[in-house]
Amino acid sequence: MRPTESTSASLLFGECSVPGWNFFYICMKYNKQPLDIPALLAMLKARGLAIDDEQEAGRILGLVSYFRLANYLRPMEADKETHQYKPNSSFENAVALYRFDATLREIVFRAISNIEIALRSKMIHHFSLKYGAFWFANMSICNDEHLFLENLNAVDREVRRSKEDYIKEHFSKYKDSAFPPAWKAMELLSLGTLAKLFFNASDNKVKKKIAREFGLPNHLAFESWMNSIAALRNCCAHHARIWNRNYPVTPDLPKRLRNAWIKDTNTPFNKLYAQLCCMAYWYNAVDPQNTFTADIKELLLKYPIVDPAAMGFVNNWQDEPLWK
């Protein structure tokens, strides 16, 4: 039967009768109505938020949706249920947090892009030299058949939808070819798929060689770095909040590494600081002249309202060898 509204008008009751499934469900009815910008501003003021320039605030809400900006208002809430704000909370501080996070994403995304290109190059080089042009389609060098097929499907999907001239030229010349060689096909893949290919490869000697070229002693920590940075890249690509997020995919933090690293590894692995440390270390191996750590420090100085502890930064982090 179709879901029906309860007498309280706050719950929905329904029954699922899909073949093989038979259960009842109860869910809350969503009854909030959209508000125009003046009503949103009035609501925020009623909750105790100071707004110095309502005209400018309205202009910003016309460009940045309230729901997106709400992520930067929540740290100022005294009550998470009623959304009442702490004393001295202001709309302008939320906008400053939003702009800080946007610039932070730009810095992080730029670094990840350079790291990703270098990783792609190393994987193409080392695996192709040892296993040939189509190593990614060779199940015998993989740990898990299911993941192998998943990865191969991802390669096939990207190749088929590619509009790159070099892909078109390849199939025009090699009509019987199922895939382009690795040095062409790998250029189409996401960082997440590259990480899965690396993880599923059974040749730990090749993986260790690649990890060592980036300053890590083995492939295990390196794999965790790849996975966590791939997840962070997705957040950046979708313009999601990154500064005070809890990340479900976390990197390992080795106690010691051969190049400049952090001495204090007692930091939450699911906070941004852990990932920034891994990125800075990795980026230094790719481009020793990069300005990543300097850019992060300069950004934090520009926005003193930002609490680095919310990102997992440890005390005296500026004195760590990696960040000097």
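The structure is a predicted model, in which local features need pLDDT of at least 70 and side-chain atom pairs count only at pLDDT 80 or more, while totals for chains, interfaces and linings use all residues. Residues are numbered from 1 along each chain as its sequence is written, and side-chain values use heavy atoms, with hydrogens and water left out.

**The nonpolar core**

- The largest nonpolar core has 99 residues, and those touching the most other members are Phe91, Leu104, Phe136, Met186, Phe222 and Trp261.
- Helix α4, residues 91-131, gives the most to this core, with 18 residues.
- A nonpolar core here is a set of buried Ala, Val, Leu, Ile, Met, Phe, Trp, Tyr and Cys residues joined through side-chain atoms within 4.5 Å.
- Buried means under 20% relative accessible area, exposed means over 50%, and partly exposed is in between (1.4 Å probe, protein chains only).
- Helices (H or I, at least four residues) and strands (E, at least two) are DSSP runs, numbered from the N terminus.
- As general background, nonpolar side chains tend to be buried together in soluble globular proteins.

**Aromatic pairs**

- The whole structure holds 19 aromatic pairs.
- Rings of Phe, Tyr and Trp (its six-membered ring) pair if their centres lie within 6.5 Å; planes under 30 degrees apart count as stacked, over 60 as edge-to-face and the rest as tilted.
- Tyr72 and Tyr98 form an edge-to-face pair, because their ring centres are 5.6 Å apart and their planes stand at 85 degrees.
- Since Tyr72 lies in helix α3 and Tyr98 in helix α4, this pair ties together parts that are 26 residues apart in sequence.
- Tyr72 and Tyr98 are both buried.
- Trp317 and Trp323 also pair edge-to-face, at 5.3 Å centre to centre with 90 degrees between the planes, and both are buried.
- One aromatic cluster is made up of Phe127, Phe134, Trp135, Phe136 and Phe179.

**Pockets**

- On a 1 Å grid over the protein atoms alone, a pocket is an open set of points with protein on both sides within 12 Å along at least five of seven lines, whereas a cavity is a set of points where a 1.4 Å probe fits but cannot get out; lining residues have an atom within 4 Å of a point.
- Grid points are joined across faces, edges and corners, and a volume is the space filled by probe spheres set on the points.
- The largest pocket holds about 390 Å³ of space.
- Its lining has 16 residues, and Lys32, Met43, Arg47, Tyr66 and Phe67 are the closest to its centre.
- Helices α1 (37-46) and α3 (66-73) are the elements that give two or more residues to this lining, and α3 has the largest share, with 4 residues.
- By type, the lining of the largest pocket divides into 10 nonpolar, 2 polar and 4 charged residues.
- In this sorting, Ala, Val, Leu, Ile, Met, Phe, Trp, Tyr, Cys and Pro count as nonpolar, Asp, Glu, Lys and Arg as charged, and the others, Gly among them, as polar.
- The second largest pocket holds about 170 Å³, and its lining includes Pro75, Asn93, Trp243, Asp307 and Ala310.

**The cavity**

- There is 1 cavity of 30 Å³ or more in the structure, and the largest cavity has a volume of about 60 Å³.
- Among the residues lining the largest cavity are Phe127, Trp135 and Phe136, which also belong to the aromatic cluster.
- Its lining divides into 7 nonpolar, 2 polar and no charged residues.

**Single residues to look at**

- His239 has a positive phi, near 60 degrees, although it is not a glycine.
- His239 lies in the loop between α10 (219-237) and α11 (272-286) and is partly exposed, at 47% relative accessible area.
- Asn316, another residue other than glycine, has a phi near 60 degrees; Asn316 lies in the segment after α12 (292-302) and counts as exposed at 54%.
- Ala310 is found in the segment after α12 and is partly exposed at 23%.
- Ala310 touches Trp243, Asn244 and Lys271, not counting residues up to four places away in sequence.
- The C-alpha atoms of Ala310 and Arg245 are 8.6 Å apart, though the two are 65 residues apart along the chain.

Conventions: Contact means heavy atoms within 4.5 Å.
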